[in-house]
Amino acid sequence: AVGAGLSNYNITFVNGSLPVGDPDGDVIPRPPPFIGVDLPNPTDVIDTGSDDSARIASTTGGNGSLAAAEETLAEVEALSSALELAADSCGESSGDVSRYLACLSESLSEFADELDELSADLPPSMQNVARIVQDARVRVDQARTRAQGRLANATSDAERETIRREAISEAATALADAATEIRKSIALVRADDPELATVQRATVTTVADAVDNVGIKLSRSVGL
């Protein structure tokens with residue numbers, strides 16, 4: 001042995017051997033070799049929440065089934081006609097502004113609720129249409145409430161007639177504003193199929209025209 005400080009040790013040499021690579025002496029556990037396999041790619045399933053597979057509308061591109069869009073348009077036309085008929089019925093009470101506007105408010109509320117039930121089938125650009133109608137209804141109610149308060153203090157027929165005309169004018173303005181807001185949705189219609197786009201625009205126009213016509217009926221009831 002060679003090295004500094006070895007004089008401090010008593011070193012004895014003996015014969016021996018050092019085995020190298022003896023597999024029987026390897027007791028360290030090893031993981032099994034990885035065998036790659038191709039995992040299956042499951043089919044994506046989109047649940048639209050409807051049993052009618054035709055009623056699928058894209059909220060991004062505005063695409064969907066033409067047949068479903070036409071069916072929705074027919075439903076909207078029926079609802080819009082019902083609103084106008086209800087407005088005509090309410091008009092029979094036009095001499096009593098409070099009763100007239102209360103009746104009209106109820107009709108608008110029902111119309112908005114029915115549109116809300118159809119929201120999943122309406123064009124993507126019309127998702128807020130029920131809210132717009134409800135906002136107009138709130139303004140009609142506000143006009144009615146103001147008129148009631150003023151009528152309680154009115155002292156002449158002329159004053160009462162002025163209050164009536166002003167309340168109905170306010171309600172008509174609310175409906176005209178709502179119709180204008182709804183028509184803005186026409187510019188937002190985005191459908192790859194030109195026929196589908198035409199039907200979706202007609203759906204928007206039908207609702208806007210119905211709301212506008214109710215406002216016109218209001219104005220005519222006081223000769224505006």
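Predicted model: local features only at pLDDT ≥ 70, side-chain atom pairs only at ≥ 80, totals over all residues.
Visitor: Which residues form the disulfide, and how far apart are their sulfur atoms?
Guide: Cys 90 and Cys 103 form it, with sulfur atoms 2.0 Å apart. The pair links distant parts of the chain: Cys 90 sits in helix α1 (residues 66–90) and Cys 103 in helix α2, 13 residues apart.

Visitor: Left-handed or right-handed?
Guide: The link of Cys 90 and Cys 103 is left-handed, with -70° about the S-S bond.

Visitor: And is Cys 90 buried or exposed?
Guide: Cys 90 is buried, because its relative accessible area is 1%, under the 20% cut-off. Cys 103 is partly exposed, at 28%.

Visitor: New topic: helix α3. How far apart are its end C-alpha atoms?
Guide: They're 33 Å apart. That agrees with what you'd expect, because the 23 residues of α3 (residues 129–151) should span 33 Å at 1.5 Å a residue.

Visitor: Which residues of α3 are buried?
Guide: Among them are Val 129, Ile 132, Gln 134, Arg 137, Asp 141 and Ala 147.

Visitor: What covers them?
Guide: The cover includes α2 (97–117), α4 (157–183) and α5 (194–221).

Visitor: Where's Arg 164, then?
Guide: Arg 164 is in helix α4. Arg 164 counts as buried because its relative accessible area is 11%.

Visitor: What does Arg 164 touch?
Guide: Leaving out residues up to four places away in sequence, Arg 164 touches Ser 94, Gly 95, Val 97, Ser 221 and Val 222.

Terms used:
Residues numbered from 1 in each chain as written. Heavy atoms only, no water. Helix = DSSP H or I, 4+ residues; strand = E, 2+ residues; numbered from the N terminus. Expected span 1.5 Å × (residues − 1). Buried < 20%, exposed > 50% of the residue type's maximum accessible area, 1.4 Å probe, protein only. Contact = heavy atoms within 4.5 Å. Disulfide = S-S within 2.5 Å.
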